[in-house]
Amino acid sequence: MSGQFKRSMSFSLQSTTKPFLFKRKGTSDLTKNRTNVWVHSDQAFLLVQSPTSIVMNWVIQKETRDMVALHFNESWRRLHKKIRLHDVTKLIFSNGYSNRFIEVEVPEMTDNWHFHQLDSGCSYLAEFGVGENKDQFLPLFRTNTIDTPTWSSLAQNEPSSLDWKQVNLGIDQWQDQFSAYTIYE
């Protein structure tokens, strides 16, 4: 009888300390350590909306936030989060040199930013960074480089304004001799 009492007590203690949504019955050892996140690394990217506006989206993992907070010996919420949008037209971006840049301080809990009134026909790249004060900037990650189209290329529907990638659709020889179970010679 005491064994049944202990089991029911342990269940009631667990159910009062953890929300029921996070408790799974019958999970295997493989799924116990799995986290339910849709991205497993820090990511950031730029998307073109129009010739004069772009959008930056990013995801920062908790591990990265904790590491940066430890580095600055400050809470993540107290650090100043900034985006630097660099104009890298006709440049190879290295060592932080760009034609010009715009710096924007973003509020806490923000995961995207819209940039408007940009020059069309330019190449842009963005960096997300933090600092203890408004003058400090430590870049954490960098986005892809994008080219904004010109208004004239949009009006004329010029395919030359887009950089298309060539794909070879030729069939390899091994594909003719391959089955799901064996390779025929």
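View 1. Starting at the N terminus, the elements of the protein chain go α-α-β-β-α-β-β-β-β-β-β-α-α. That makes five helices and eight strands, where helices (H or I, at least four residues) and strands (E, at least two) are DSSP runs, numbered from the N terminus. This is a predicted model, so local features need pLDDT of at least 70 and side-chain atom pairs count only at pLDDT 80 or more, while totals for chains, interfaces and linings use all residues. Residues are numbered from 1 along each chain as its sequence is written, and side-chain values use heavy atoms, with hydrogens and water left out. Of the 185 residues in the protein chain, 27% count as buried; buried means under 20% relative accessible area, exposed over 50%, and partly exposed in between (1.4 Å probe, protein chains only). The protein chain exposes about 14,500 Å², with 54% of it supplied by carbon and sulfur atoms. Accessible areas come from the Shrake-Rupley method with a 1.4 Å probe, and for residues only the protein chains shown count as cover. Take the contacts (heavy atoms within 4.5 Å) in the protein chain between residues at least 6 apart in sequence: 59% of these join residues at least 24 apart.

**View 2. Strand S3 and its two partners.** Have a look at strand S3 (residues 80-87), which is mostly covered, with eight of its eight residues buried. In a regular strand, side chains alternate between the two faces of the sheet. Here His80, Lys82, Arg84 and His86 point one way from S3, and Lys81, Ile83, Leu85 and Asp87 point the other way. S3 pairs with S6 in the antiparallel sense over eight bridges; two strands pair if DSSP finds at least two bridges between them. Asp87 has Tyr124 as its bridge partner in S6. Seven bridges also join S3 to strand S4 (residues 100-106), again running antiparallel, and His86 stands opposite Phe101 in S4.

**View 3. The S6–S7 hairpin.** S6 and S7 form a hairpin with six residues between them. Strand S6 (residues 123-131) runs antiparallel to S7, and four bridges join them. Which residue in S7 is the bridge partner of Phe128? That would be Phe141.

View 4. The structure holds two aromatic pairs. Rings of Phe, Tyr and Trp (its six-membered ring) pair if their centres lie within 6.5 Å; planes under 30 degrees apart count as stacked, over 60 as edge-to-face and the rest as tilted. The Trp58 and Phe128 rings have centres 5.2 Å apart and planes at 40°, so this pair is tilted. Because Trp58 sits in strand S2 (residues 53-59) and Phe128 in strand S6, the pair ties together parts 70 residues apart in sequence. For Phe128 and Phe141, the ring centres are 5.4 Å apart and the planes at 10°, so that pair is stacked. With Phe128 in strand S6 and Phe141 in strand S7, the pair ties together parts 13 residues apart in sequence. Trp58 and Phe128 are both buried, and Phe141 is buried as well.

**View 5. Thr143 in its loop.** Thr143 lies in the loop between strand S7 (138-142) and strand S8 (146-147). Is Thr143 buried or exposed? Thr143 is buried, with a relative accessible area of 8%. Leaving aside neighbours within four places in sequence, Thr143 is in contact with Ala44, Phe45, Leu46, Met56, Leu125 and Ala126.
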